Amino acid sequence: MSCIFCRIIAGELPADVVFEDEHVIAFRDINPLAPVHVLVVPKQHYASLDELPSGDTSTAGHLLLSVIETAKRLDVAGGYKVVTNCGERAGQVVLHLHFHILAGKKFAP
Ligand code: 5GP
Ligand code: ZN
């Protein structure tokens with residue numbers, strides 16, 4: 001398996017997990033860009049947001065709700081930024097869909 005996030009999900013690589021359920025895992029970014037920097041990742045491999053099946057409102061909704069739940073558990077509700085880089089031209093490096101939760105510093109708009 002070559003996808004680094006699939007390897008984390010499979011337990012082959014370590015990660016600092018802050019939230020997990022049947023469909024989603026959230027772990028701290030290895031190279032944090034803010035005091036709180038966590039990645040919320042579906043356990044099913046989708047390369048990016050563009051690959052989420054259209055009409056799969058259940059997966060899309062669960063992912064978004066997992067972002068909210070993770071922010072609550074991190075105690076940053078009401079003060080965090082959510083980013084997903086969709087495609088290499090947008091700066092996506094790991095080609096497995098993930099949402100960045102960033103908090104704990106002031107961000108430019
Ligand atoms: P992207 O640019 O693809 O949106 O962001 C990928 C993120 O994954 C980067 O912020 C990078 O630091 C993080 N990352 C890459 N490899 C690993 C890893 O093995 N473990 C963890 N925890 N984060 C990683
Ligand atoms: Zn993957």
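Q: Why is Cys-6 called buried?
A: Buried means under 20% relative accessible area, exposed means over 50%, and partly exposed lies in between, with a 1.4 Å probe and protein chains only. Cys-6 has a relative accessible area of 15%, so Cys-6 counts as buried. A word on the ground rules: this is a predicted model in which local features need pLDDT of at least 70, side-chain atom pairs count only at pLDDT 80 or more, and totals for chains, interfaces and linings use all residues. Residues are numbered from 1 along each chain as its sequence is written, chains are lettered from A and ligands numbered from 1 in the order in which they are written, and side-chain values use heavy atoms, with hydrogens and water left out.

Q: What makes Cys-3 buried?
A: Its relative accessibility is 14%, so Cys-3 counts as buried.

Q: How do you know which protein atoms are donors of the zinc ion (ligand 2)?
A: Donors are N, O and S atoms within 2.8 Å of the metal (3.2 Å for Na, K and Ca); water is not among the atoms, so sites may look incomplete. Cys-3 (SG), Cys-6 (SG), His-45 (ND1) and His-96 (ND1) lie 2.0 to 2.3 Å from the zinc ion. In sequence, these donor residues follow the spacing C-x2-C-x38-H-x50-H.

Q: What makes the arrangement around the zinc ion (ligand 2) tetrahedral?
A: Four donors count as tetrahedral if all angles lie between 85 and 135 degrees; four count as square planar and six as octahedral if opposite donors are over 155 degrees apart and all others between 65 and 115, and anything else is irregular. Here the 4 donor atoms subtend angles of 101 to 117°, so the arrangement is tetrahedral.

Q: Why are Phe-5 and Phe-27 called an edge-to-face aromatic pair?
A: Rings of Phe, Tyr and Trp (its six-membered ring) pair if their centres lie within 6.5 Å; planes under 30 degrees apart count as stacked, over 60 as edge-to-face and the rest as tilted. A search of the whole structure finds 1 aromatic pair. For Phe-5 and Phe-27, the values are 5.3 Å centre to centre and 80° between the planes, an edge-to-face pair.

Q: What makes His-37 buried?
A: A relative accessible area of 3% is the value for His-37, so His-37 is buried. The C-alpha atoms of His-37 and Gly-104 are separated by 8.8 Å, although these residues are 67 residues apart along the chain.
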